[in-house]
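Please look over the sequence and the model shown here.

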Amino acid sequence: MYNFEFAKPTTIADAVEALGHEEAQALGGGQTLLPTMKQRLAAPATLVSLNAIPEMIGVCLNDAGEVCIGGATTHAMVVREAAAHYPALAALASHIGDPAVRNRGTIGGSLANNDPSACYPAAALASGATIKTNTRDIAADDYFQGMFETALNDGEIITEVRFPVPQTANYQKFVQPASRFALVGVFVAQFADGVRVAVTGASSDGVFRWTEAEAALSGDFSKSAVDGLSVPSGSMISDLHGSGDYRAHLVKVMTGRAVAAAG
Amino acid sequence: MPKDHGIGASSKRREDVRFLTGRGRYTDDINLYGQAYVHFLRSDVAHGTLNGIDTSEAEGMPGVIRIFTGKDFEGVGGLPCGWQVTDKHGNPMQEPGHPILAQGKVRHVGDPIAAVVAETAAQARSAAEAIAVDIHELPAVIDMRKALEPGAPKVHDDLDSNLCYDWGFVEENKGAVDEAFSKAAHVTTLELVNNRLAPNAMEPRVAVGDYAAGTDDSTLYTTSQNPHVIRLLMGAFVLGIPEHKLRVVAPDVGGGFGSKIFHYAEEAFCTFAAKQLKRPVKWTCSRSEAFISDAHGRDHVTKIELALDADNNFMAIRTDTCANMGAYLSTFAPSVPTWLHGTLMAGNYKTPLIYVNVKAVFTNTVPVDAYRGAGRPEATFQLERLIDKAARELGVDPVELRRQNFITEFPYATPVAVEYDTGDYHATMDKLLIMIDRDGFDARAAKSKEAGKLRGLGINCYIEACGIAPSALVGQLGARAGLYESATVRVNATGGIVVMTGSHSHGQGHETSFAQVVADMIGIPEAQIEIVHGDTANTPMGMGTYGSRSIAVGGSAMVRATEKIISKAKKIAAHLMEASDSDIELKDGQFTVAGTDKSVAWGDVTLAAYVPHNYPLTELEPGLEETAFYDPNNFTYPAGAYACEVEVDPETGKVKICSFAAADDFGNVINPMIVSGQVHGGLAQGIGQALLENVSYDADGQLLSASYMDYAMPRADDLPFYQVDHSCVTPCTHNPLGVKGCGEAGAIGSPPAVVNAVIDALHRGGMTHVGHIDMPLTSARVWTAMQG
């Protein structure tokens, strides 16, 4: 790790100001950034911690019935505090990494990084969440723009994520055996006006909606509704942990299981 | 009732007090006054010509003391190889040089090119990044079969080819073996891979070199399983320092699994640089660096065939193996696929004719050497997978096919040069079948089926040769070392004992189990005995710990030395009681004159030895200290039967281990708890190999599995609760304790059980086209095999 300056602002405004400096980098829980810095693969001049900004921490319900999670809220807090409002989201958070990761890592950090194998992007996309930043609201459908790519501008901070709560939902993760990130993860959410299905881990384009399954499940929310479908393997990741064909197959299996579990 | 002390008692591991409370003293805990730090700049390409190294910018960076390159080692020896294999034509193997820092070429990702010594580790690393290296990249050879093709790029330009040796064993039997195959009623053939593994000891390697200019003494603190071997190899072959001017200390070591046997470049560098710079020099390996610098294990590609007669008796076995050496010959690499592998191809079976061919191959990969089991897991996996396949082809019960061919009379001379002294393979199989409730399998399988899962049962046997080894024999086989062990037993005046052993404990619990043996022999509390190991300055020359040899060879040396102590103590006791020493008996720490009520205590005798006022000084020297060296007559042959039950998820290919049972015959057992722990650890590594672990290179020689993000280590929830048993005992016939060794059995015996179980599950699920799946049996591989 190279030397760096460290700022720990207590307001969003101060954080934005600090991030305006050259080579400044926002620090969430640091569960990706710090290992990267230790390997000297990243060398920000200044780290701006977002973890001491009270208005960015916590879980609540807003008047629209959305679960609102502050951008600097840890996974562990989501597990505890979202369980009553959105059990499938809390369950997802409870299986990210290990206890140490869950007590440091934050939802804003995860969504800003947009690792193609991370869990939260699937929940945000399948829920039709709104990513609220210091400057604007971004719909999840517009937010995820490919592997490690998002709609965020330089210096823009995720201050809150708002999740509409579906009637029923479930996340199924098939883990990559070494990292235990998602080899394939599928989040299925059934709303009054239809079903949304988001897939993480599988595609070289990052998290995506499996629209064919959404259409089938919106008409018939049952495991058998996806039996006849197939996922094109073209954009699927092929690596030492599994071929594109295998991942495509798992997308279907995990979707079916998520539907069955959501029941 | 279980014993509460001495041999056979599950005494608590005394070393765990310091290990579990953070008070261990590992090499990285050693920090010397004025210490500098080294960072190695390593090759990031697999193969290339080293055109130039420009260190000018780096030399001016903060804290830099000196930068070393290959040029600095041009009058210094390279890393030696400790075993010379003779090929099937009677010629010695091709043995390339192995420089401390690359000279002329780099040959694998991780090959050290330069070493920066600086005031801090971070400064050394920063300066290393500023070194400009001009490498002309060359095509890499990664695949062994391609490496052997004519015209393949050569890893070593000065060798004839990438073939280290072509070994035939026993070459004279080849004709007879081929003839048996031509007459066989049935031949089963299997092609398989024994996957390459990274050893991953919890403690990465560390070295601290120190030099005392006033006395010209060099000291190396290092993470080693055998400090005396390192002192000899490094002193005599690399740096030219005689043993009396070189001390090697291996303090608490956090796991080795073979990877800390070998003499590595970093150790020699730190010792060399400390003398050059007159300052201590420290290197601490990072986990990332370990993946590209610790010797890897396994990596065989094999075709094996079994010939059976019309009654299903094994007639002959024929194997053809390519074994990966990596880019250089690590210390004992050539012995692993030959003498630790070919000699085990008989297994537990009376196959009269066996021919083993092994081609050892250089590739642009990290060197490969012994890893827990070393050659014996490879032999066991081939044989026990093959027998399972044969049973399936013949439609016979795999257990019965094994039983029918078991060796039952001992001693038994195999056709592959070793003689099993004792064993009872039916006993461990009988025990295993009780442990696993084989009769209840169908009901369990039906229950799994209801849950949509395919259940399978895999059973196999294993035998291994350990307690290595008779020095004269291994000398004939090419070892450039003896394989005895040593112990000095020092009795103090007040009766306490210090045993200085040439064995080394890096997790095995010697400080506990060795003390149990001496306590038992003399009849005093274990707490009165201290076991000292790991420092060449205060232990007799010994060969260290690997090959499950410590209790069988080191323990035997300790027994011999203790016998000498007892013999002398009896003479002193006889003098004190005015009796003949032939009438003296020692029991529970009391010397008595047989048939009388006269007695003196252990402490009376030890005090007399050091305060010899009333002492037979004309006949006996004062003091009570004895040394013994023990050279075994034979290997020891632990054996057993293992079973694994799995559930396969037919939708995803995911394998879940439901149960694992191990019935082992380790001969006599000193500490059953420690033995169980050794088996547990071995099973975890064997199951890890079978399901998860794999070192993977791409075609250019880049390591794909270079961190725990991609190299899958077994975690607790990947593993079942084990059933282990070591109540079947046929004591070793040729060592004083009747012990065989237990350190590697779990890793040797478990992979075939897992794979046999998965294949069984798939066949029961109707997927009879799946003959074999190469390890690791990841979900992706199992699912792909199921698709046909």
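In chain B, the axes of helix α14 (residues 510-522) and helix α15 (residues 550-576) come within 10 Å and cross at roughly 35°. Axes here are lines fitted to C-alpha atoms, for helices over the stretch in contact, and angles run from 0 to 180 degrees between N-to-C directions. Helices (H or I, at least four residues) and strands (E, at least two) are DSSP runs, numbered from the N terminus.

This is a predicted model, in which local features need pLDDT of at least 70, side-chain atom pairs count only at pLDDT 80 or more, and totals for chains, interfaces and linings use all residues. Residues are numbered from 1 along each chain as its sequence is written, and chains are lettered from A and ligands numbered from 1 in the order in which they are written.

**The helix pair in chain B**

- The crossing of α14(B) and α15(B) is right-handed; a crossing is right-handed if the near helix is turned clockwise from the far one by less than a right angle, and left-handed if anticlockwise.
- On the α14(B) side, the residues that meet α15(B) are H510(B), S513(B), F514(B), V517(B), V518(B), M521(B) and I522(B).
- Their partners in α15(B) are S550(B), I551(B), G555(B), M558(B), V559(B), T562(B) and I566(B); two residues are in contact if their C-beta atoms, placed from the backbone, lie within 7 Å.
- The contact of α14(B) with α15(B) has 9 nonpolar, 5 polar and no charged residues.
- For these classes, Ala, Val, Leu, Ile, Met, Phe, Trp, Tyr, Cys and Pro count as nonpolar, Asp, Glu, Lys and Arg as charged, and the others, Gly among them, as polar.
- An α-helix has 3.6 residues a turn, so residues three or four places apart point the same way.

**Chain B as a whole**

- Chain B contains 19 helices and 28 strands.
- Its radius of gyration is 27 Å, close to the 28 Å that the globule rule gives for 788 residues, so chain B is as compact as a globular protein of that length.
- The radius of gyration is taken over C-alpha atoms, and the globule rule is 2.2 Å times the number of residues to the power 0.38.
- The C-alpha trace of chain B spans about 85 × 75 × 50 Å along its principal axes.
- Of its 788 residues, 57% count as buried; a residue is buried if 20 or more other C-beta atoms lie within 10 Å of its own, exposed if 12 or fewer, and partly exposed in between, with C-beta atoms placed from the backbone.
- Among contacts in chain B with a separation of 6 or more, 81% are between residues 24 or more positions apart.

**Domains of chain B**

- Chain B is assigned domain 1 (16-22 + 484-630), domain 2 (31-138 + 205-284) and domain 3 (300-469 + 634-786); the bounds come from an automatic or database domain assignment.
- The centres of domain 1 and domain 2 of chain B, taken over C-alpha atoms, are separated by 39 Å.
- Domain 1 of chain B gives 14 residues to their contact, and domain 2 of chain B gives 18 residues.
- The side of domain 1 of chain B that touches domain 2 of chain B has 4 nonpolar, 9 polar and 1 charged residues.

- Helix α19 (residues 779-786) of chain B has 6 of its 8 residues buried, so it is largely enclosed by the rest of the structure.
- The buried residues of α19(B) include W783(B) and R781(B).
- Their cover includes α10 of chain A, along with β26 (639-648), β27 (655-665) and α18 (745-764) of chain B.
- A716(B) lies in the loop between α17 (672-691) and β28 (722-725) of chain B.
- A716(B) is exposed, with 6 other C-beta atoms within 10 Å.

- Chain A has 10 helices and 12 strands, and 47% of its 263 residues count as buried.
- The radius of gyration of chain A is 18 Å, which agrees with the value near 18 Å for a compact globule of 263 residues.
- In the contact between the chains, 11 residues of chain A meet 15 residues of chain B.
- Helix α10 (residues 244-262) of chain A gives the most to the side of chain A that touches chain B, with 3 residues.
- That side of chain A has 7 nonpolar, 4 polar and no charged residues.
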